[in-house]
Amino acid sequence: MNGLIYRNLKIYFSDKSGIFFSLMGAMISFVLYLIFLSQNMINSWSSVPDAKLLLDPWLIGGTMTITAITTTLSSLSLMVQDREKNVVADLSLTDISFLGIQFSYLITAMIVGVVMQLIMYFMMGGYFLIADKSALNLQLLPQIIGIAILSSFIWTIFNLLLLSFAKKVDTLGKIATIVGTASGFLAGVYMPIGVLPTSVQNVMKYTPALYNTAMYRDILMKSQLQASFKNLPSTIANEFKETMGISVKLDQHVLTIQQDMLIIVAFAVVITLLVILISKISRRVVISKV
């Protein structure tokens, strides 16, 4: 299986255009923020000291979620290509089990997701360090890596479920476009969740993206939130957190980062069970082609 993982990683990282397009959703959110969203948001929270220093890590948190979604999907596209070319059927004739073959795609996508999230973190953090003098706190790195691993896992199995229904390479571009566009909205990057209609907010709460982003933002913004709101009423701080998607509110309960994590784990369990069920059906199809 190690050989398959190495082969999959080599194919992904040797395709420079593929890497670029897998990061397209993340780069679009970054550019949109710089050109259109940044000043509007700063003006909206002009009463908050150092609003720009708050919004920089706010964007980084959301963009890292988008990166996890799109790069794991791009990595898993190799599975569809291999399926169409009957490579999976050929590999099943070797001493590697069908489950081992599927695991190789999953582990590859997780590695890609973690690596690309960290690359985006340092790229955006470096930019804001130069442009806005926004601190890049390396002490947060262990926590960021932990969330990146969890993010990669949930979005790998989510995309594995999604691509279980893709039989042709031609459909990959369409799926990637839809997912890339939707991820920016679901992660609350293109527009903060608090300014959206209640019905749209409810839809966002039924996906892991919002909770994934909330975890990142909680970690990245914690120290600056304390500094910016120390002389302001707690009601303003709570309003900011809920409006900007730093704290997710379910019914009347505001979730903690630990609860965000538990919800993502619950999503992961449900999606994993669905993937296992579909994998059994796919295995019969593959074996029938051997």
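Predicted model: local features only at pLDDT ≥ 70, side-chain atom pairs only at ≥ 80, totals over all residues.
Trainee: Let's start with helix 10. How do you know that the span of helix 10 agrees with its number of residues?

Mentor: Helix 10 covers residues 208–228, which is 21 residues. At 1.5 Å a residue they should span 30 Å, and the end C-alpha atoms are 29 Å apart, so the two values agree. There is also a bend of about 60° in helix 10, at Met221.

Trainee: What makes helix 10 largely enclosed by the rest of the structure?

Mentor: Of its 21 residues, 16 are buried, so the rest of the structure largely encloses helix 10.

Trainee: Now to single residues. Why is Thr72 called buried?

Mentor: Buried means under 20% relative accessible area. Thr72 has 0%, so Thr72 is buried. You will find Thr72 in helix 4, residues 51–84.

Trainee: Which groups does the side chain of Thr72 reach?

Mentor: One is the backbone oxygen of Ile69, at 3.1 Å. Another is the side chain of Asn159, with which the Thr72 side chain makes a polar contact at 2.9 Å. The cut-off for a polar contact is 3.5 Å, and the Asn159 contact has a distance of 2.9 Å.

Trainee: On to charged pairs. How many salt bridges does a search of the whole structure find?

Mentor: The search finds 3. In general, side chains of opposite charge can pair when their charged atoms come close.

Trainee: What makes Arg7 and Asp82 a salt bridge?

Mentor: A salt bridge needs a side-chain nitrogen of Lys or Arg within 4 Å of a carboxyl oxygen of Asp or Glu. For the side chains of Arg7 and Asp82, the distance from N to O is 2.7 Å, and they meet in a salt bridge. This pair links distant parts of the chain, with Arg7 in helix 1 (residues 2–14) and Asp82 in helix 4, 75 residues apart.

Trainee: Are the two partners buried, partly exposed or exposed?

Mentor: Asp82 has a relative accessible area of 3%, so Asp82 is buried. Arg7 has 25%, so Arg7 is partly exposed.

Trainee: How do you know that Asp132 forms a salt bridge with Lys52?

Mentor: Their closest N and O atoms are 3.9 Å apart, and the cut-off is within 4 Å. Here too the pair links distant parts of the chain: Asp132 sits in the loop between helix 6 (98–131) and helix 7 (141–163), while Lys52 is in helix 4, 80 residues apart. Lys52 has a relative accessible area of 36%, so Lys52 is partly exposed.

Trainee: And what makes Lys249 and Glu242 a salt bridge?

Mentor: Their side chains meet at 4.0 Å, N to O, and the rule is within 4 Å. Lys249 has a relative accessible area of 27%, so Lys249 is partly exposed. Glu242, at 28%, counts as partly exposed for the corresponding reason.

Trainee: Why is Phe36 called exposed?

Mentor: Exposed means over 50% relative accessible area. Phe36 is at 53%, so Phe36 counts as exposed. Phe36 belongs to helix 3.

Trainee: What makes the phi of Lys133 worth a look?

Mentor: The phi of Lys133 is near 60°, a positive value in a residue other than glycine. Lys133 is in the loop between helix 6 and helix 7, and with a relative accessible area of 64% Lys133 is exposed. Asp251 also has a positive phi, near 55°, and is a residue other than glycine. Asp251 lies in the loop between strand 1 (249–250) and strand 2 (253–254). Its relative accessible area is 73%, so Asp251 is exposed.

Trainee: To finish, why is Met120 called buried?

Mentor: Met120 has a relative accessible area of 3%, so Met120 is buried. Met120 is placed in helix 6. Between Met120 and Ile60 there are 60 residues in sequence and 8.2 Å in space, C-alpha to C-alpha.

Definitions and conventions. Residues numbered from 1 in each chain as written. Heavy atoms only, no water. Helix = DSSP H or I, 4+ residues; strand = E, 2+ residues; numbered from the N terminus. Expected span 1.5 Å × (residues − 1). Bend = angle between axes of the 7 residues up to and from the residue. Buried < 20%, exposed > 50% of the residue type's maximum accessible area, 1.4 Å probe, protein only. Polar contact = N/O pair within 3.5 Å; in protein donor to acceptor, adjacent residues only side chain to side chain.
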